[in-house]
Amino acid sequence: MKYLIPSICLLGSLLWGQNGLDPRYHTLQEIYAELDSLESVPEYQDIFRVDTIGYSQQDNLPLVAAVISDQVQQEEDEPRVLFVGQVHAEEILGVEAVLKLLEDLLNPEPSQVMHAAILRQNLEIWIVPTANPEGLNVVYDGLDYSYRKNKHDFSPDGPWPNGIFDYDPAIGNDVDGVDLNRNFDFNWIFGDGFLELDGSSYGAHYDYYRGPAPFSESETRALRDLALEKHFVFSIIFHSSRSGNFSEKVFTSWRWGGVKESPDFPIMKSIGDELASRIIKENGSGTYLSKVSTSRNGKAHDWFYKETGCFQYLIECGTANLQPDSALIEDTALRLQPPLYYLMDRAIGYQENAAQITGIVYRADQPTVPLEGVEVDLLEHRGGVLTPRTTDGFGRYRRIVTAGSYQVRFRKDGFAPQQFLVTANNSAITTLDVYLTPLPEYTVDLELQPDPEFVVTAFPTVILKNEFSADTFETSFGGTEIPLTEGRWTLTVLDSGAKPWQEELNLQRDTTVNVFIDAPDFMHTYTFFTPSSWTTWSGSWVAHFDTLLSQSSWLYPNQDTTGTRYEIISRARSVAGAQSLTLILHHRYELEWDRDSIAVILEDAGGHPLGSRVWKGQNWTYHDDYLMVRDSAGFDSVRVHLLFSRDETVNYRGWNIADMTLMTGTDPFLGLEESGRSRTSPPRIRMSALYPNPTGGMLAFVVDGPAGTVTLRLYNLLGQELYSDVYRFLSPGRHPVRLNLSTLASGPLSSGVYFITLTTPNRSLMRKCLYLKN
């Protein structure tokens, strides 16, 4: 399908001519053939290999990478760099630049033999000639010399396939395809939608389609997976500017809104300046310009830095003459070599500024065992936007810096953190090996006890969360022993129809936590249709159907200089007699990371806070969060205060609350003695694990507790009671109990899951067993 626009076609003729591409350019098949040929050269066997890192979206063409290192078949503890020649189909000069680098590293000029050997010995160098092979074919086949995207099949009627390659030789009118440099999962939402006119003065039209979802394209997924696996220190992706507006520039991540800079910005920009200064312009009038990336729209270099810590630079090579003749091809490829060598030298501190902090993190109790996944933070260059930088499989960390002193913090789940003041200089790489001590492990005895009048599910859900991770599992009522390391944990217990239960634990010893599971005494769901039902309603809040939105527009406005806050406050409700208040928010949020925040506060009628929670960053999937406060003295009244704080720069989609419900109740364990945040209770009945389990009939367990009466019951999965008996223990202590399930019930039991409960006047314990009938 073709859409002919004469004026745009004329522009295309002026830019690309009538006679096709210069044969000096490598076709896709020539790229494959050259790499295959090099891999078969005997003297290259130990220093060169070709990997297939993925396949293209539509035509399933291989995405190939050349790897160069002195022991290339082995995984070595050395820094890695990545060079990508092409992402946009028409921008083919970068392909020739990286292929020249490949040739020179394998077969260097005599004056560069030593340099190339040093690089091969100390680096793992990855070269991807093209990340868009099917787009490259469109250009080389002469179908459309202005083609930009991959060939993902879409229809003019919508983003679904029609089995036709819908392209147009005129600039920017191609229906098919996704702009791969808008498809990365960082600020992806700000890219162009399907067939959304770009509005540029040079006819881009539909060229910037971000794709149906982040990483919807197999090409971007291939680059993503490679980056996450290889921990690249530096990277360059080559582009060329069709309009000429960005030609001969080096772009560094990022400065948004004029002031919002990336956490490592001073370091990255100084390297970007150096890169630009080493590339001579085509006309010889000076060097490339070092620029800062200011757009937010799913670009690769922003994602690489945010997600992996790699300093990736976007180099717009050449001029608006995107596909020049052979003389300029050779000249441009040659002029683009100095920045590539500079980054490789900078990564290993050879002949360049060597400011870098590196080392290996080990277990202190096993000092030869390296630790993977240790978070390494430079406190002077940290930010909420960054995914934590971690050690690799060798326990190695690397942080590129400028000369100076840095606070470096090392953290890993289950280990005591450490922090050091480290000085880096330009003359040599600074090495600091670190030994982390495992934290002591304690046992949390989680005692889940339902209200006897509350119909419980068989398996309540338990969520354990600390600053590193979250673990969700199902358990039975009664006692569950959970091994946890020392530190702060959030413990949440959920059961259908019950009040959520949540507690903050500062675990310093073996601890018993008693959880009372019951239905709420009172439940109120807030509505947002009428602002007059709220005592305060300031800001741009708006009710949209059943959802509260922080603003009516797509993005929330930045705060003005008057410092106005968005807040709404509900009218106070009487909750007399309630000992626990639980607020459940079903919400999502997308905020600027470091300065914008949202908060929910439970207050009494006088505005005094009872409890609060604050969120930052982004979680744009609807989910439940909980705010729970408890007081044995009870509460008289409560109101809800929602607060949205913003700074004057960078905005996102804000805060959406689909549901907000308040539950009240009582907690019989609030009167128990407390030590720190851990609760202890008077002597109580306990029940050991069942043995054997699974069983063919015979079961044994131990009841431990004070003297008294205990009722034993047997239930099936449907909750039907099959057996009941009363035990009277005349003395405190341990009492063994033996049962035969085969003869216990009034009728024969089939194989399956059963539950045994022990009940006292104020406590119920449950154990699950699997019965396998002989």
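Biologist: Which element gives the largest share of the lining of the largest pocket?

Modeller: That's E33, with 10 residues. Keep in mind that this is a predicted model.

Biologist: And what's the volume of that pocket?

Modeller: About 1700 Å³. The lining has 49 residues, and the closest to the pocket centre are Lys-465, Asn-466, Glu-467, Arg-613 and Trp-615.

Biologist: Which elements give two or more residues to the lining?

Modeller: They are strands: E12 (375-378), E19 (461-465), E22 (487-494), E23 (501-507), E32 (609-615) and E33 (618-645).

Biologist: How does the lining divide between nonpolar, polar and charged?

Modeller: You get 16 nonpolar, 15 polar and 18 charged residues.

Biologist: Switching to rings. How many aromatic pairs turn up in the whole structure?

Modeller: The search finds 33. Take Phe-154 and Tyr-209: their ring centres are 5.5 Å apart and the planes sit at 75 degrees, so that pair is edge-to-face.

Biologist: Where do Phe-154 and Tyr-209 lie?

Modeller: Both are in the loop between helix H5 (133-140) and helix H6 (218-230), so the pair ties together parts 55 residues apart in sequence.

Biologist: Are Phe-154 and Tyr-209 buried or exposed?

Modeller: Phe-154 is buried, and Tyr-209 is too.

Biologist: Which residues form an aromatic cluster?

Modeller: One cluster is formed by Phe-186, Phe-190, Phe-234, Trp-254, Trp-256, Tyr-305, Phe-311, Trp-554, Trp-593 and Tyr-652. Phe-190 also has a charge over its ring: the charged end of Arg-296 sits 4.6 Å from the ring centre. Elsewhere, Arg-224 lies over the face of Phe-215, at 4.9 Å from the ring centre.

Biologist: Last topic, helix H3. What should its 14 residues span?

Modeller: At 1.5 Å a residue, residues 93-106 should span 20 Å, and the end C-alpha atoms are 21 Å apart, so the two agree.

Biologist: How many residues of H3 are buried?

Modeller: 12 of the 14, so to speak a mostly covered helix. The buried ones include Glu-96 and Asp-104, along with Leu-93, Val-95 and Leu-106.

Notes: Residues numbered from 1 in each chain as written. Predicted model: local features only at pLDDT ≥ 70, side-chain atom pairs only at ≥ 80, totals over all residues. Heavy atoms only, no water. 1 Å grid on protein atoms, 1.4 Å probe; cavity = no way out; pocket = protein on both sides within 12 Å on 5 of 7 lines; lining within 4 Å. Points joined across faces, edges and corners; volume = space filled by probe spheres on them. Helix = DSSP H or I, 4+ residues; strand = E, 2+ residues; numbered from the N terminus. Nonpolar A, V, L, I, M, F, W, Y, C, P; charged D, E, K, R; others polar. Phe/Tyr/Trp six-rings, centres within 6.5 Å; stacked < 30°, edge-to-face > 60°. Buried < 20%, exposed > 50% of the residue type's maximum accessible area, 1.4 Å probe, protein only. Lys NZ or Arg CZ within 6 Å of the ring centre and 35° of its normal. Expected span 1.5 Å × (residues − 1).
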